[in-house]
Amino acid sequence: MTLAGCMGGGSEEHEPGEPVPTVYLESMTGVTSESAIEQAHLHLADVLEKELGVPADVSTKEINTMWSELFNDDRSRHLHLDVNPDMPQLLEPHNILRSFQAQRAGANGLGNVNQYANCEFTNLVEEQVSISDPDERESVIHEAASVWSEDVASINLFSMYVRSVYRPDGVDIADDTGAQGIADRNTDLFIRDMAPSDGNTINTNITSTAMQSSTYMVNTPSTIWGTVVHSPLVYFDKNNELQPYLATDWEIEDEATTFTFELREEATFHNGDPITAEDVQWTMEFVNENTAHFQEASEVPYKSIEVIDDHTVEFNFEESYAPFLRGTATTWGIVPKDVWLDGGAEENPSNVDLDPVVGSGAYQVTNWRRDELLHLKPYDDHWVDTEGELVMRAFEDQTGAVRAFEAGDLDVIFSIGSDLAAKLEDEDYAELEGVPGFGDWWLQPQHSFPVTQFREFRLALSEAIDRKYLADLLTRGDGEIHLYSSPWGERHPFYPDDAEGLTQIAQSPSGNTERAREILKEAGWTWNDDDRLVYPDDIDTDPRWPAGDAPTDHPDEYPCVE
């Protein structure tokens with residue numbers, strides 16, 4: 001096994017007509033099912049070596065370190081497995097598409113995970129933001145997805161599968177938990193569809209990334225904090241449909257340049273103070289002014305946020321900003337302005353002194369310990385009646401959560417890995433439930449340097465992959481095989497009917513080596529006497545841009561980027 005970084009930052013020189021050098025795959029640690037993910041990478045390495053004639057090596061790296069390196073184009077791996085999670089804010093397509101825009105590629109930390117850069121795609125993404133007509137906007141979104149798909153920007157494999165386990169003797173869960181299933185991002189589960197079956201407390205796990213700070217915007221995923229401890233203006237229900245929440249009604253005017261929300265008059269914070277339009281204004285401005293501190297936040301082009309009266313707030317934009325309702329208004333739960341100012345929000349936005357935490361949601365915080373515990377109880381004056389207290393504990397790994405579950409100390413494990421789920425599926429005290437997600441498992445190829453910068457190589461690899469084997473490994477066969485390249489999975493509301501406009505990137509769920517080699521042969525690639533894949537004689541094997549640079553440094557190649 002090779003240590004990551006041995007490639008020298010993508011600085012190796014390659015020549016046309018020479019064998020393709022070693023392809024490096026990197027497997028992330030510190031995540032659910034990390035052992036299965038590593039096995040999947042080893043299988044992919046076998047596909048590269050045995051089916052395509054390319055030497056391959058697999059290394060491992062802690063997930064946060066890996067993300068940092070990917071976002072800064074360090075070029076220490078060609079390929080890695082990734083998943084597009086079922087976060088509710090990703091139901092707004094702009095929140096996915098913008099991640100792949102050309103200006104986010106390069107060594108700038110802006111989050112383009114595979115360094116994809118295409119001007120036509122980038123311009124379409126910019127265009128759809130300013131289209132107020134929903135049907136017209138969807139058409140342009142589909143056009144952008146089509147360009148992305150034709151480029152084989154990412155290699156879709158199969159849908160993610162949201163699986164959790166619970167103890168019926170400890171918790172009652174509604175028969176219908178919707179498209180989101182039993183998941184810690186399903187707001188309806190917490191406020192309507194789950195109650196203790198014996199006693200008054202439900203014990204669950206919680207991801208450590210949701211436990212970094214009581215300044216909830218720092219955490220990811222932010223769902224518990226953003227829609228359960230704090231109330232957003234609107235939210236996505238269990239069937240991924242937009243619903244009123246803190247706002248009872250809203251109006252979109254002047255071609256989506258003005259959004260007006262009417263707030264619940266009875267709504268109060270957990271200290272009893274009324275929730276006003278001024279609190280909404282301050283919360284949204286605070287997030288927008290501190291996007292550098294909050295990883296789920298991106299700057300929103302407000303012209304102004306106006307307080308019309310105590311219960312009416314108006315968001316204004318110079319130009320149409322269609323993603324606001326689904327992508328911003330659903331994400332940020334409202335906080336009390338005065339409490340946060342007193343806690344030093346302006347001086348230290350990522351670590352506000354909140355003791356106690358004063359929220360606006362259906363549950364209030366009674367105890368919080370960083371990286372350890374979040375204890376919540378129902379807030380009696382919230383407009384939604386909830387049942388039972390919640391004690392959510394963070395674990396170093398899911399094995400620890402399973403031990404606590406087996407001992408009866410946990411009632412629910414959210415997002416359990418497939419390998420650990422298999423351990424519990426025959427136990428009488430455990431119920432396993434799962435639903436296919438709207439996001440996909442992807443194989444992410446790096447576009448900034450060879451060999452994965454070449455479309456024909458990405459397409460050939462996609463054809464050779466045994467998706468069925470990988471789905472069995474990572475989802476126990478419950479992931480739905482996806483044979484098209486797309487920025488999202490087939491259950492996403494913006495997936496085109498019958499995959500219209502998308503490029504099919506695999507003919508068979510089990511892989512087709514003959515087709516994979518045919519794609520490379522047609523593009524001039526060959527194999528030597530040792531069955532090593534060889535670059536075409538006329539191919540340019542230089543990186544798309546120098547290591548450490550960004551497309552912004554290459555205006556001739558990327559005229560769409562200022």
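Predicted model: local features only at pLDDT ≥ 70, side-chain atom pairs only at ≥ 80, totals over all residues.
How many of the 10 residues of helix H13 are buried?

Figure 1. Helix H13 spans residues 455-464 and is mostly covered, with nine of its 10 residues buried. The buried residues are Glu456, Phe457, Arg458, Leu459, Ala460, Leu461, Ser462, Glu463 and Ala464. The loop between strand S18 (431-445) and H13 contains valine 451. A cis peptide bond connects proline 450 to this valine 451, and its omega is about 10°.

**Figure 2. The largest nonpolar core and the surroundings of phenylalanine 324.** This core has 73 residues, and those with the most contacts inside it are Leu233, Phe261, Phe315, Phe324, Trp340 and Leu374. Helix H8 (residues 277-289) provides the largest share of the core, namely six residues. When residues up to four places away in sequence are not counted, phenylalanine 324 touches Phe259, Phe261, Val300, Tyr302, Phe315, Phe317 and Ala329.

**Figure 3. The largest cavity and its lining.** The structure holds three cavities of 30 Å³ or more. In the largest cavity there is about 120 Å³ of space. Its lining consists of 12 residues, and Pro88, Gln89, Thr223, Thr227 and Thr330 are those that lie nearest the centre. Helix H7 (223-229) and strand S8 (234-236) each contribute at least two lining residues. The largest share, three residues, belongs to H7. Sorted by class, the lining comprises four nonpolar and eight polar residues, with no charged residues.

**Figure 4. The disulfide between cysteine 119 and cysteine 560.** One disulfide is found in a search of the whole structure. The sulfur atoms of cysteine 119 and cysteine 560 are 2.3 Å apart. The link is left-handed, with -80° about the S-S bond. Distant parts of the chain are linked by this pair, for cysteine 119 lies in helix H4 (residues 119-129), cysteine 560 lies in the segment after strand S22 (533-534), and the two are 441 residues apart. Are these two cysteines buried or exposed? Both cysteine 119 and cysteine 560 are buried.

**Figure 5. Valine 402 in helix H11.** Helix H11 comprises residues 398-406, among them valine 402. Valine 402 has a relative accessible area of 1%, and therefore counts as buried, the cut-off being under 20%. Apart from neighbours within four places in sequence, its contacts are Ile413, Ile416, Leu420, Lys423 and Leu424. Valine 402 and asparagine 205 are separated by 197 residues in sequence, yet their C-alpha atoms are 9.7 Å apart in space.

Figure 6. Aspartate 355 is joined to proline 356 by a cis peptide bond with omega of about 5°. Although glutamate 255 is a residue other than glycine, its phi is positive, near 55°.

How values were computed
Residues numbered from 1 in each chain as written. Heavy atoms only, no water. Core = buried A, V, L, I, M, F, W, Y, C linked by side-chain atoms within 4.5 Å. Buried < 20%, exposed > 50% of the residue type's maximum accessible area, 1.4 Å probe, protein only. Helix = DSSP H or I, 4+ residues; strand = E, 2+ residues; numbered from the N terminus. Contact = heavy atoms within 4.5 Å. 1 Å grid on protein atoms, 1.4 Å probe; cavity = no way out; pocket = protein on both sides within 12 Å on 5 of 7 lines; lining within 4 Å. Points joined across faces, edges and corners; volume = space filled by probe spheres on them. Nonpolar A, V, L, I, M, F, W, Y, C, P; charged D, E, K, R; others polar. Disulfide = S-S within 2.5 Å.
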